[in-house]
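Please look over the following model before reading on.

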Amino acid sequence: MSEHQPDYSYTQERELSWLRFNERVMEEARDETVPLFERLKFTAIFTSNLDEFFMIRVGSIYDLTLVKKAHVDNKSGLTPAQQLSAIFQAVGPLYKQRDKLMAQLETRLRSCNICSLSMAELDVKERKQCDRYFRDYILPILSPQVVDTLHPFPHLPSKSLNIAVELRREGETSFGVVPIPRSLPPFLRLSERGLRYILTEQIVLEHVGEIFDQYQVVSGAVIAVTRNADISPEDEDYDVNDDYRQHMRKVLKKRSRLAPVRLEVQGSASDTLLDCLCRRLSLSKEQVFRSKSPLVLSYVYTLEGLLPEESRTALCYPPFTPKAPAGLARNEKLIPQVLRRDALLFYPFHSMDPFLRLVKEAANDPAVLSIKITIYRLASKAKLIEYLAAAAENGKDVTVLMELRARFDEQNNIQWAERLEEAGCTVIYGFEGFKVHSKICLITRRERGHIQHITQVGTGNYNEKTAKLYTDLCLMTANPAIGADAAAFFQNISIANLDGEYRHLLVAPNGLKPRLMALIDGETTKARAGHPAHIFIKCNSVTDRELIDKLSEASQAGVDIVMNVRGICCLRPGVPGKTDRIKVFSIVGRFLEHPRIFVFGTGPEAKVYIGSADLMTRNTEHRVEIACPILDQAIRQQIFHYVDVLRSDNVKARLMCSDGHYCHVPDHGEPPVDAQAVFMAEAADQEPPEGPALPAPAERKGLLSALSRRLFRQK
């Protein structure tokens, strides 16, 4: 195929691929082996995923429909309008699946005395409680509005809940809107007899006749508008002399007012009411989605905190506390341990504490000269900020590149940037047009006149909350060559130089993609020469057309390629003559799969990298990303072990078929393997006691293999 006419025979549209992934999330909610309340949480995750999908992806495609220049997707050949139509057609059935599933789960939960009730189900005492709650706590803060020729249609913030009603008085039809204040709790707990509750929007909907007491209420429903949130601040015009944080605050205010892309309706809205809403919001009927389930399911996480202990034990996953990694002593300082040997943390099976201890020690170590770090996302409470601030206050040179454009975390990052500046840290904000998504920290020491570097490179954010929920890798190394590259990287970003050259680190936007292409070419050359050739890739998404074509070329040459892709994968495996040597599988389980691992070749000669970048054009060409080689043999063995366990998963893994849909791993009689369960068991078994460091990972290789075999047999 020519450059202007891509081969679509082995690729698929990215948004439809993502919707299939989210359907896989809903499959976890159907899984009878998953604890019942966790299944409800997976339904909530499916729903919030879909919300963000409409805000970001549908929003960005909507923007493309407004561009005069014709645009055609290079994986599907569809125009933006055709993409939107395909998305809307695919989403409708997902609502029906979600509604059926929610009804089943709520029925099952009722047998456990966890009851989401309608107004019609309340007994006399509960009805009085609801009426009193509405009168005393809800009604005083409501701001209802009649929409007619004298009263304009109100602005509805994205994903805010509202009651929309069709009204009639003296033969005239009008409409009313009642926003549900976000200050209200999402539900009212009705009694201590189990966990009986009713959602706040249902209470308001029941009392809407009292709110519009001068009208006849013809029909009413709960509605939520989803708005385009795909603001790209780097594309906004602003004076280069303006304070960048202030610019970001303006961008955040604008986000809530962007164009609607979806209307969700729960309840008996008449056609007249829907026509009015569509007209006022400039939406087509195909952008309206009816739901029997609540439109916002985030209340599920609040419910979890109200579960009695016995219910939590029966209905939720058993608690898992991240463990201390083997090979690192808990009663010895981290800096000397890392100077002796590389260390690898595997979240959430390992705790983030060793890395935080490393930074804390550096803040107080007289030999430390500087700490430099890139930050993309942080938790709302972050020890890391405390330690960096303490380092600056102790006279260390602390430089923090804070990415203010981390979508939906902008406000949080603005506040942390101000805290760091107040402590005396140097805070920089990256490059115009390029988000800094890398996860790298460099500690520089002077010991006996010699400079030492300790470099940390991760696959995930420095977020102490998500480190307990996402699987990620964190390498800590004193390798001088990697340290020299890291020092050069920070020097380059401080002067806005994206063209730096590095011996070992792969750095986007200019050095990562060409190097990955060359590594794929290396395996292709081996295959054409008749030698075994292998590639393993683990990432979250694959959309970069050039890399997809390069992988197809490698497959055609005879390279065996295995890809563990959590979400979007625009490459379709198993297409005869194109991708028939490529296997793609996805794992959705208790924890969110998040590491990026790249392995080219096998055995001692294999080239192994971990990094921050997915194989998406935005990552490979429009962001600052880092992939780091794994040079230490013991750490390489750990990575190989993780890969082997992931590839053995036949419980939570699903294979992608050549049409882009997922299927179960075929049953060939092997024992069941749930990779995340294996990693939890291994972490618990290997946690070192208080005392000196345990043997290095390489010395434990036999133990790991024996443990894995034992676990597989037990399953």
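**Sheet, helices and a pocket**

Nine strands form an open sheet of 9 strands with mixed pairing, in the order E18-E26-E24-E23-E19-E20-E21-E27-E28, where strands (E, at least two residues) and helices (H or I, at least four) are DSSP runs numbered from the N terminus, and two strands pair if DSSP finds at least two bridges between them. This is a predicted model, in which local features need pLDDT of at least 70 and side-chain atom pairs count only at pLDDT 80 or more, while totals for chains, interfaces and linings use all residues. Residues are numbered from 1 along each chain as its sequence is written, and side-chain values use heavy atoms, with hydrogens and water left out.

- Strand E18 (506-507) and strand E28 (662-664) are the edge strands, each pairing on one side only.
- Strand E24 (residues 607-611) and strand E26 (residues 626-629) run antiparallel and are joined by 3 bridges, and tyrosine 609 has proline 629 in E26 as its bridge partner.

**Two helices side by side**
- The axes of helix H16 (residues 512-528) and helix H17 (residues 545-557) come within 8 Å and cross at roughly 10 degrees, the axes being lines fitted to C-alpha atoms over the stretch in contact, with angles from 0 to 180 degrees between N-to-C directions.
- That makes H16 roughly parallel to H17, a term that covers angles under 35 degrees.
- Their contact (heavy atoms within 4.5 Å) involves residues including Leu516 and Ile520 of H16 and Leu547 and Leu551 of H17.

**A pocket**
- The largest share of the lining of the second largest pocket, 5 residues, comes from H3; a pocket is an open set of points on a 1 Å grid over the protein atoms alone, where a 1.4 Å probe fits, with protein on both sides within 12 Å along at least five of seven lines, and lining residues have an atom within 4 Å of a point.

Note on methods
Parallel < 35°, antiparallel > 145°, perpendicular 65-115°, else oblique.
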